[in-house]
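Dear colleague,

Please find below the structure that I am handing over to you, followed by an account of what was found in it. I would be grateful if you could read the account with the structure open.

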Amino acid sequence: MNIQPVLTLLSMATASLILLIGIVLLTGLFLPGQIPENYRYTLGGMMTAYALYRIITAVSRLKRADGPDTRGSGESDDDENDGHRDSDA
């Protein structure tokens with residue numbers, strides 16, 4: 001069983017929660033005067049930026065997991081003959 005997609009979705013869920021908290025801090029919903037304004041903007045902006053970063057990396061991880069496996073043995077077709085062409089002449 002491959003657990004990587006489950007962990008990626010859990011990471012996206014966590015990032016979404018952090019994004020929601022960051023938006024709440026930026027807008028001032030539910031926190032009218034309890035937190036100073038400059039602290040609220042700084043923390044809300046940092047949380048929003050971090051959440052967006054986490055979401056972007058999680059989506060790229062999902063796309064990479066769905067794509068073809070690009071990790072090969074490191075050999076190409078040219079390695080079979082050491083880069084030299086066989087001449088028939």
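**Findings**

Leu10 has a relative accessible area of 53% and is therefore exposed. This residue belongs to helix 1. Please note that the model is a predicted one.

**Overall composition**

The chain contains two helices and zero strands. Of its 89 residues, 16% count as buried. When contacts between residues at least 6 apart in sequence are considered, 62% of them join residues at least 24 apart.

**The two helices**

Helix 1 covers residues 4-27 and helix 2 covers residues 37-66. Their axes come within 8 Å of each other and cross at roughly 160°. Because an angle over 145 degrees counts as roughly antiparallel, helix 1 is roughly antiparallel to helix 2. The crossing of helix 1 past helix 2 is left-handed. Sorted by class, the residues in the contact of helix 1 with helix 2 are 20 nonpolar, nine polar and three charged.

The lengths of both helices can be set against expectation. For helix 1, 24 residues at 1.5 Å a residue should span 34 Å, and the C-alpha atoms at its ends are 34 Å apart, so the two values agree. Helix 2, with 30 residues, reaches 43 Å from its first C-alpha to its last, which is close to the 44 Å expected at 1.5 Å a residue. After helix 1 comes Gly28, which has a positive phi, near 85°.

**Buried positions**

Which residues of helix 1 are buried? They are Thr8, Ser11, Ala15, Ile18, Gly22, Val24 and Leu25, and the buried residues of this helix pack against helix 2. In helix 2, the buried residues are Arg40, Gly44, Thr48, Ala51 and Ala58; helix 1 is included in what covers them.

**Individual residues**

Thr8, located in helix 1, has a relative accessibility of 1% and so counts as buried. Not counting residues up to four places away in sequence, Thr8 touches Ala58, Arg61 and Leu62. Ala58 is itself one of the buried residues of helix 2.

Gly22 also lies in helix 1. Its relative accessibility is 0%, so Gly22 counts as buried. Leaving aside neighbours within four places in sequence, Gly22 is in contact with Gly44, Met47 and Thr48. The C-alpha atoms of Gly22 and Thr48 are separated by 4.9 Å, although these residues are 26 residues apart along the chain. Gly44 and Thr48 are both among the buried residues of helix 2.

Leu43 is found in helix 2.

**Summary**

In brief, this predicted model has two helices and zero strands, with helix 1 roughly antiparallel to helix 2 and the buried residues of helix 1 packing against helix 2.

Yours sincerely

Methods
Residues numbered from 1 in each chain as written. Predicted model: local features only at pLDDT ≥ 70, side-chain atom pairs only at ≥ 80, totals over all residues. Heavy atoms only, no water. Axes fitted to C-alpha atoms, helices over the stretch in contact; angles between N-to-C directions. Helix = DSSP H or I, 4+ residues; strand = E, 2+ residues; numbered from the N terminus. Parallel < 35°, antiparallel > 145°, perpendicular 65-115°, else oblique. Left-handed = near helix turned anticlockwise from the far one by under 90°. Nonpolar A, V, L, I, M, F, W, Y, C, P; charged D, E, K, R; others polar. Expected span 1.5 Å × (residues − 1). Buried < 20%, exposed > 50% of the residue type's maximum accessible area, 1.4 Å probe, protein only. Contact = heavy atoms within 4.5 Å.
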